[in-house]
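This briefing goes with a protein chain and its coordinates. Please have both open while reading.

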Amino acid sequence: MRGSNSFLAFHSRKGFKVLNPVIILSVLILSMMLLSLYSTAQDGYTGDQLAAGWNTGTFTNMTTAGDNLTLAANTTGDYNTGGGWISSIIDISEVVEWGIINWSSEVNASNHTLTFRTRYSNNSVDWGSWSSGLSQEEDIDETSRYLQYMINATTNDIGSTPKVFLTNISYYFVKPIVTLDSPDNNEEVNASDDIGFDCTAISPNILSTIELYWNYSGNWESNGSAILTGEINSTYFARGNLSNGTYLWNCFATDSAGHSSWASSNRTLIVSLIMTTPPPTDHQAPVITHTINKRLPVNGTEVAVHVGVTDNVNISHVWMVTDYPGGSEMVWLNKSIDHVFNVTRLGRHNITIFANDTSGNLTNTTDYFTVYEGISIDINVSDNDGTGIDSSVMLFDEGTTYKVSAFSSSSGDFTNNMVPNTTLDLRFSAFDDEFIVLIGNVDMWSNTDRFFGMDDPNAASGFESTYAVNTNYAFSDAVVRIYYDEDDVDEDTLEIYICDDWNFTTRLCNTTWNVTESDVNKSGDYVEAEVSGFSAFSLKQESYCGDGTCDDDEDSSSCSEDCVCDDGDTRLCSLHFKGLCAIGSESCSGGAWSGCPNPGTEICNQRDDDCDGINDNVGGGNSIESTRCGCYNGSLPTIESFDGVDNDCNQFIDDGCLCIEGETDVCHNNVGACVQGIKTCINCRWSECEGKIGPFDEVCGNGVDDDCDGETDEVTDCIPATNVTCGYGAIPATGCKCGEGTYASGYCCNGVYKIEPCPEFPWWILIIVGGVVLAVIVVYYILHGKANKGKDEWEALEKKYTPARL
């Protein structure tokens, strides 16, 4: 919270125009009367001083000669930039909060510019850096005892000079901030207990006293005071044997500048002989956590400090004090907040974060960040032929793990990156972060435009992986780090080797590889080594017990995993092998047995070819059917049965078979009157041709190739014509006429020639039809006989009774 407002008017004559001294004095007196503050800050002036070789009239150069301003003009009339004119040191005699700055000037907007900057100090010796250019009516919002301002002017008009008449700066007195820590508001205490009243006072000026006030006697009065020192102080007032009642209390703090203040509100204390609620006992201080997003920020950028505070009961206050070159500031914080600094002062900024709880427990933690001017750097990361590679670059505060900046590029091009102008450590990473190089103590000012070569050639012979580095950076020390797959190596025996003379362009090691001291990080799966220069670096898996190789320093006693025997030993193959592998003996060489026959592929031959102890288990089968071998597991061979099994165990299944069991094929032909049929392989033999038709004897004159020889009605083969008509059914070999043709084979069915047999003749129908015909004939003759008899009788009567003709 800002206190009372004070205002200063500084008349800066800057070698231009001089105001009436009476007006100046009146303004100063008025300021002092209004604010009860006397401060003189009028800048002295002795007139323009002509530098040798320069003409008067142009504002081109200024010196910091106390309160005097030196002007000079370039005789050529070129555009010139003014230097910095610095005001007298303004001392308010106490720490204040600076407010609005403005000034009165005469400036040609098209030809002149004026830039105001300020700096601050609490002791007039250690000054912060100059601020960036201020705008008219800008709220400085800085806290310090001392202030100076500087004016930079430029002009490109020889005949004109920019002028500044009056500079006004307001400020505010800062009162102490008082907090009541314990007891809590409305806390109930036992009258027989000693009660502690705990207060904390904070002020940018030195604290002097703090007093406990209460209304215990019925009047609001002081009940004790303490002399304070420093800018932050916590005071404990112990009181006992209090009477029952409800009382108000507060604390009143005063600083060395005479400013004083209360806590923001009174607290209520309830004293009773019998407490309804036992007082809590809390001796645990709050817990503070924090992070700083930039450890080495560039001047003019923002730094965010994230603060988090927790407490087992209740947090009272959280605040942060920042000490920087030439000053300090205190800000109140919430229990979880990001406080953002807009840094404008170079140098180290020490921060202290305080927190107390309602039980009076106080704690703090410290940290820092350092502000540097920015510098733009260019980096190119490429392989052996100069092609940019996918890579990343990180910058760290020298000798620490505090990350300053981080950049990534798929093309290895890092240009126009703004970094702090100081000494940093650089970390380069490439090849999916499988290879990392850290170079230390790099002066960024002298290394603004550099290349960093990183190559990933094929692994050199005998190594797990190989990487190469080439750079023109200047550095004092370096570390190379190579990552590995923990499932593929023995971590205890990994080493890094360096080529004494590596050609980065041709990817060749011109001399030898030598091991260097390295460390294995098992949790991170990498090996790293400190190096003084760059070449090619290879990761090698040194020999170890369990790598499958019996080395010269190993035998069956020291490493049975690699050496199963000792050189020169012999043994019978039958002691350890079966089947064909049990034949003969073997000897030990290189820690391994050799000389016995090797297992082969199992075949059906009454032998154990694969040396597993089972004869003829072809294909891993476990029966005659699954192995298709009649001699499985010692069975004796039999005659081939053409059943899909090698019965005679000669490695041939169903040898002598004419066909494959179940196979089918077409038979006969489709020539002339013939039709093809189908034959099937049954027991390695073809069946009859099922469904075939023909051939037949050739019949002359029917236009059909009856014998299916590709010729029709050939005279030499056909049967001669005959007038014998074929009966119903099969045609005799002597031939007969059926319909229009003569045939010697086939069937004649009611005058129709057919290849298939005629349907069986229905004789019962013929009998029935014959019977019916016979009956009809008999009836007919009977009826016909009766008719003739009647006729004869009629004719006799007619003759008898008919008169004779004349």
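Which residue in β49 does C748 stand opposite? The residue opposite C748 is Y753 in β49.

The model is predicted: local features need pLDDT of at least 70, side-chain atom pairs count only at pLDDT 80 or more, and totals for chains, interfaces and linings use all residues. Residues are numbered from 1 along each chain as its sequence is written, and side-chain values use heavy atoms, with hydrogens and water left out.

**Whole chain**

- The protein chain has three helices and 49 strands; helices (H or I, at least four residues) and strands (E, at least two) are DSSP runs, numbered from the N terminus.
- Of the 806 residues in the protein chain, 43% are buried; buried means under 20% relative accessible area, exposed over 50%, and partly exposed in between, with a 1.4 Å probe and protein chains only.
- Contacts (heavy atoms within 4.5 Å) between residues at least 6 apart in sequence join residues at least 24 apart in 57% of cases.
- The protein chain has an accessible surface of about 42,100 Å², and carbon and sulfur atoms hold 50% of that; these areas come from the Shrake-Rupley method with a 1.4 Å probe, and for residues only the protein chains shown count as cover.

**The sheet of β45, β48 and β49**

- These three strands form an open antiparallel sheet in the order β45-β48-β49.
- β45 (729-730) and β49 (752-754) are the edge strands with a single partner each, so one side of each has no neighbour in the sheet.
- Strand β48 (residues 747-749) is joined to β49 by three bridges, and the two run antiparallel; strands count as paired if DSSP finds at least two bridges between them.

**Strand β18 and its partners**

- Eight of the ten residues in strand β18 (residues 315-324) are buried, so the strand is mostly covered.
- β18 pairs with β21 in the antiparallel sense over eight bridges, and T322 has I351 in β21 as its bridge partner.
- β18 is also joined to strand β19 (residues 327-333) by seven bridges, again antiparallel, with Y324 opposite G327 in β19.
- The hairpin of β18 and β19 has two residues between the strands, and G326 there takes a positive phi near 90°.

**Salt bridges**

- The count is seven salt bridges, each a side-chain nitrogen of Lys or Arg within 4 Å of a carboxyl oxygen of Asp or Glu.
- R145 pairs with D91, with 2.9 Å between the closest N and O atoms. This pair links distant parts of the chain, since R145 is in strand β5 (residues 138-155) and D91 in strand β3 (residues 90-106), 54 residues apart.
- R145 counts as partly exposed because its relative accessibility is 26%, and D91 is partly exposed at 28%.
- R345 forms a salt bridge with E142, the closest N and O atoms being 3.0 Å apart. R345 lies in the loop between β20 (336-342) and β21 (347-357) and E142 in strand β5, so the pair ties together parts that are 203 residues apart in sequence. Both R345 and E142 are buried.
- R481 forms a salt bridge with E528, at 3.1 Å between the closest N and O atoms. R481 is in strand β31 (residues 477-483) and E528 in strand β37 (residues 526-531), so this pair ties together parts 47 residues apart in sequence. E528 is partly exposed, at 23% relative accessibility.

**N205**

- N205 lies in the loop between β9 (195-202) and β10 (207-214) and counts as buried because its relative accessibility is 5%.
- A polar atom of the N205 side chain lies 2.6 Å from the backbone nitrogen of V95.
- Leaving aside residues up to four places away in sequence, N205 touches E94, V95, V174, G230, E231, D255, S256 and A257.

**D477**

- D477 is found in strand β31 and is partly exposed, with a relative accessible area of 41%.
- The side chains of D477 and S476 make a polar contact at 2.8 Å; such a contact is a pair of N or O atoms within 3.5 Å, where within protein one must be able to donate a hydrogen and the other to accept it, and residues adjacent in sequence count only if both atoms are side-chain atoms.
- D477 and S532 are 55 residues apart in sequence, with their C-alpha atoms 5.4 Å apart.
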